[in-house]
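Please examine the sequence and the structure shown below. The paragraphs that follow consider the ligands and the residues around them.

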Amino acid sequence: MTAPTRSVVRGACPHDCPDTCALLTTVEDGRAIKLQGNPAHAPTGGVLCTKVSRYIERHDHPERLLQPQRRVGAKGEGRFEPVSWDEALDDIAARLRALAAEDAQAILPYSYAGTMGLVQGESMDRRFFHRLGASLLDRTICSTAGGEAMGYTLGGKVGMRLEFFAEAKLILIWGSNSIASNLHFWRHVQTAKRAGARVVCIDPRRTETADKCDEHIALLPGTDGALALALMHELIVHDWLDPDYIARHTLGWEALRERALQWPPERAAEVCGIPAQQIRDLAQAYGTTKPAAIRLNYGMQRVRGGGNAARAIACLPALVGAWRHRAGGVLLSSSGFYPADRAALQRPDLLAGRRPRTINMSRIGDALTGDAQALSGGPAVQAVVVYNSNPVAVAPESAKVVAGFAREDLFTVVLEQFQTDTADYADYLLPATMQLEHWDIHCSYGHTDVLLNQPAIAAPGQTRSNAWVFRELARCMGYDEPCFADDDEALCRQAFAPGAIDWAALERDGFAPVPLPEAPFAEGRFPTPSGQCEFFSERLVALGMDGLPDHVPNHEPAGSSSAFPLAMISPPARNFLNSTFVNVRSLRSIEGEPLIEIHADDAAARGIADGAMVRVFNARGEHRCRAEVSRRARPGVVNGLGIWWRKFNADGTNVNQLTSQRLTDIGRGPTFYDCLVQVEALAG
Ligand SMILES: Nc1nc2c(c(=O)[nH]1)N[C@H]1C(S)=C(S)[C@@H](COP(=O)(O)OP(=O)(O)OC[C@H]3O[C@@H](n4cnc5c(=O)[nH]c(N)nc54)[C@H](O)[C@@H]3O)O[C@H]1N2
Ligand SMILES: Nc1nc2c(c(=O)[nH]1)N[C@H]1C(S)=C(S)[C@@H](COP(=O)(O)OP(=O)(O)OC[C@H]3O[C@@H](n4cnc5c(=O)[nH]c(N)nc54)[C@H](O)[C@@H]3O)O[C@H]1N2
Ligand code: SF4
Ligand SMILES: [Mo]
């Protein structure tokens, strides 16, 4: 017997998670046998979350798609026959060419962050659709409300560095279940706690993170703006401000002061559904503890006023001068620190002066069912190409999304690793590679290192990378610009301008830091137009919006409807990543089944026993699942953990059957957590 060949390959976790872990894959005789966190990469610290520790189970899954397929059944039935790549690509190109001859805007790409890699996520695909002149997609489904709010206030998706939370004396975890969704941040919290820091969690749900904090503020969904303004009120009346920092590094203080003084704690307490004393105590802690750090996460911006709320919170550190210290400030996302050259990857110049209409992905249901506004007045969508996303499960108001994808006249191509709910509606289902099999390069939205993902093993069956598919489609369409010949490794190298990052380090270690100061805004110098922290935003005023942050009530405020008296939020389940991993048996068995958590009082009032099957419904639809009478739910709010595949639920729906396609105040984002429902016990 010959000894097995063994190697260890450096890579990056591709999932939509702020941690962007560095991976080490052990390969033996061409098979991946072990996946570990890279101990040499400080933000990873050699640790992976439960999900990705099971990556090999997902990777070697018996239901992995390995062969291009063409639909034989009805739309949504999920029945296919095998075809060759040549046949599939030729036919897809012919269909797209015919549509483009009329108006290429009838073609819509639909993608999100199934992989966060710049190459497999936003390179050759964008080049292809730009050259084609297809509709543009506004990629709003996750983060634009908060992200744009940060842009208006701080100048970008920038903030304090993650590792310095370990030195903070007060940490506010605001709209984040960090233990579930940002595990490597939680390690810094533990360090801070051991050094005596006080940790406060602000979240309607009593999460596993809230359980481990010193205090939990269980406000009603969509009331964070009111809470932040009341905190400002208290900072002002108790003179817990840093007048020097405010004078030198902020814009619009007088106006903000006036706004905040309209928000005494009693007023906010009423709106937030919490005691006024809790607000006063939090303000005192925030005003008198240095350094104070805020970990904001996207959970708090999935409501109508999400943008304003994020803006209000982003003002707080400047008021108390928290930015002076490297362990003070706020962090929503660090992705704005990267000098990535997206124009080189995506080549918007291939539009050659054309300006295709833009479709908001958060209104895909409306767009596919012909809503003129969602179509921006342009032509009906006649072809959609889905990759790195599972819209039938994750997009709001499923009834409309499903009706759209079920259209017989819609030509649908899905690039996927598994037969998801969306894949069931494909005309062509194309088998995609996984992270261990392709090249990619990654930024993070938690830390600030660049990671290189080198392929560890050969692609199985007939799987191909996304970039390969769009390169081949470009060839079939006859596009002869040299950029369509770039291979995946070459694309990795184009992601950063020469000299912007240390390539030698990337190739050697798998990661390389973006050089940054420890306390980026200690001396102001925010990347806003004024260089100041913009309490008041001229740019928002120019868009016809309020220049100051305010509390913007939900589209569907708690308590505003007697027919639908409960507010529903649908935060991520710990062992899934959005709808990824739901088909991995060991992880699904930890999560069990689709659940709605309900407070004992709300359950009793409805005769709902723990474990009973219930009907959760509103005017948009109905979702049947099991009720868990749970201390994790506050009165008046139910928690439907996401995001299950519809086909794993007996009634074929998930929580998005109930959510709406209404948008946020800033950033045109979805409002998943701004949703009223009623819950009713099912007989039997
Ligand atoms: N395990 C796991 N990790 C993930 C994900 C996952 O699905 N599973 N998803 C990934 C993705 S896509 C993202 S965008 C990131 C960030 O992911 P987020 O979606 O921000 O995830 P969470 O950290 O769970 O934060 C959501 C928290 O916000 C709370 N929340 C809901 N409404 C409100 C509100 O109005 N106000 C406040 N203050 N809190 C509210 C929820 O109860 C929940 O605990 O995490 C990523 N990491
Ligand atoms: N109710 C409710 N709905 C939500 C949310 C919520 O909290 N509540 N969260 C929202 C948020 S924050 C987000 S980010 C969205 C996420 O929504 P999506 O971006 O759609 O994320 P996933 O559901 O993880 O689906 C990603 C898909 O990409 C596939 N994929 C992964 N890598 C590759 C690849 O290299 N090539 C190809 N072709 N495919 C690949 C995976 O198999 C997976 O099926 O969902 C949103 N929907
Ligand atoms: S999902 Fe997040 S925590 Fe888990 S391995 Fe990937 S980057 Fe790390
Ligand atoms: Mo997200």
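Ligand 1 has 35 residues around it, and those that come nearest are Ser 181, Asp 203, Asp 224, Arg 302 and Phe 576. The model is predicted, and the distances given here are computed from it. An N or O atom in the side chain of Ser 181 is 2.4 Å from an oxygen atom of ligand 1. Asp 203 places a polar side-chain atom 2.5 Å from an oxygen atom of the ligand, while a polar side-chain atom of Asp 224 lies 2.7 Å from a nitrogen atom of ligand 1. Taken alone, ligand 1 exposes 890 Å², of which the protein buries 99%. The shell around ligand 1 consists of 19 nonpolar, nine polar and seven charged residues.

Consider next ligand 2. Among the 31 residues around ligand 2, the nearest are Ser 389, Glu 416, Ser 579, Thr 580 and Tyr 673. The side chain of Glu 416 has an N or O atom 2.5 Å from an oxygen atom of ligand 2. Backbone atoms take part as well: a polar backbone atom of Val 394 is 2.9 Å from a nitrogen atom of ligand 2, and one of Leu 577 is 3.3 Å from an oxygen atom of ligand 2. On its own, ligand 2 has 920 Å² of accessible area, and the protein covers 97% of it. Its shell contains twelve nonpolar, 15 polar and four charged residues.

Finally, which residues surround ligand 3? They are Cys 13, Cys 17, Asp 19, Thr 20, Cys 21, Leu 48, Cys 49, Lys 51, Val 52, His 184 and Leu 577. By class, seven residues of the shell around ligand 3 are nonpolar, two are polar and two are charged.

Conventions: Residues are numbered from 1 along each chain as its sequence is written. Chains are lettered from A and ligands numbered from 1 in the order in which they are written. This is a predicted model: local features need pLDDT of at least 70, side-chain atom pairs count only at pLDDT 80 or more; totals for chains, interfaces and linings use all residues. Side-chain values use heavy atoms; hydrogens and water are left out. A residue is near a molecule or strand if one of its heavy atoms lies within 4 Å of it. Ala, Val, Leu, Ile, Met, Phe, Trp, Tyr, Cys and Pro count as nonpolar, Asp, Glu, Lys and Arg as charged, and the others, Gly among them, as polar. A polar contact is a pair of N or O atoms within 3.5 Å; within protein, one must be able to donate a hydrogen and the other to accept it, and residues adjacent in sequence count only if both atoms are side-chain atoms. Accessible areas come from the Shrake-Rupley method with a 1.4 Å probe; for residues, only the protein chains shown count as cover.
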